Amino acid sequence: MSAPRRAKGPSGLVPRARSAVPEWVAPALESVLGQVALTQAEVGDRFPLFADPGTGRWTTTGRGSWTGGFWVGLLWLRARHTEDEGARAAAETYTGRLADWVHADTATRGLIFWYGTALADTAESAALRERAARACRDAYDAELGLVPWGSAFGGPRLMARVDGVRGMVPLLATVDTRGAEAHLRRHLELCLGEYSFAWSWRYERPAGWVPCDDPPSGWSRGRAWLLLAVADAVHHLDADDLADVTSHLIPPRAVPSADETRPGGPLDTSAAAITAVALLKLGRREQAVQVLEELVGTHLSGDGRLLDGCYDLSSGTATRHELIWGDFFLAYALAALAGLVDANEA
């Protein structure tokens, strides 16, 4: 049975005090979610990954890769916003297609299943989330104190990467709060270590954890992922002591460079959108609004595409593009400001 839906005003948004919502929020949200329908028409039954800033054409993947949950999350946001049955049916269909990743050996299952199911309101999506959470719990390595990065995308299996934290914390917390907290704290211990800073670590016996140089130390999205994971831990794990960590993770600029050691290089708007969501979760609304105002005013195209995202600067892949997770986090932050979702819902 579907959960009861909240009453909406003429704009399709949940009513709240007008003075509390900047006037640019509603049209920006309308534009971004409107673009979702156009993207769906273009990609067909595939999953969008990143789009060319000039042509708007998407590079796609058949199974969704690690970004599949963000596309599904966008579909659920659009379905909630429009209350259109066709949009809802599309969201349900794509959610079901994530099932192939339940037993994949990758910590990015947190990203895939948390974002792919958190905004859904069906019994099937709840069951899928539980299956995925239990599979991740089974993959937890007590010796390492975390769910390993895994072998699904190649490379060493026994790794800790900062992009394997976000999503995993709230997903794992649904079945194992102690495991979820240990997973986060081990990554914090490694990534923000006193003696050696790195976003990625490889476990070698008997040496233990060895830092890796990919992603580079200046990777701004690493900072954003970890900030968001901490914000979720404060909410889902009642880990209030972790709030002190956030001061080290909030970037000095609203929209950071993709690599903060290369300030003249490409920006990464997706890192800014992730940060905005984290700030909303932490109750730092004014800071979040400042970031979002910069994104909407400077980097959002007239047809609702968040440009200037950087997929991978090291390889030169999609360095000034529209990224599917950037779209999701921007839409989610705008929806939270507008009252369409609660900031801690996903």
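Mentor: A crossing counts as left-handed if the near helix is turned anticlockwise from the far one by less than a right angle. Keep that in mind for this predicted model, where α2 passes α3 in a left-handed crossing.

Trainee: What makes α2 and α3 roughly antiparallel to each other?

Mentor: Their axes come within 8 Å and cross at roughly 155°. Angles over 145 degrees count as roughly antiparallel, so α2 and α3 get that label.

Trainee: Which residues of α2 and α3 meet?

Mentor: On the α2 side, W71, V72, L75, W76, R78, A79 and T82; on the α3 side, A87, R88, A90, A91, E92, Y94 and T95. The residues of this contact divide into nine nonpolar, two polar and three charged.

Trainee: Okay, on to the strands. How do you know that β1 and β6 pair?

Mentor: Two strands pair if there are at least two bridges between them. β1 (residues 47-51) is joined to β6 by two bridges, so the pair meets that cut-off. The two strands run antiparallel, and A51 stands opposite E322 in β6.

Trainee: And what joins β1 to β2?

Mentor: Four bridges, again in the antiparallel sense. β1 and β2 form a hairpin with six residues between them, and G56 in the turn has a positive phi of about 80°.

Trainee: Why are β2 and β6 called edge strands?

Mentor: The open sheet has the order β2-β1-β6. β2 (58-61) and β6 (322-323) each pair on one side only.

Conventions
Residues numbered from 1 in each chain as written. Predicted model: local features only at pLDDT ≥ 70, side-chain atom pairs only at ≥ 80, totals over all residues. Heavy atoms only, no water. Axes fitted to C-alpha atoms, helices over the stretch in contact; angles between N-to-C directions. Parallel < 35°, antiparallel > 145°, perpendicular 65-115°, else oblique. Contact = heavy atoms within 4.5 Å. Nonpolar A, V, L, I, M, F, W, Y, C, P; charged D, E, K, R; others polar.
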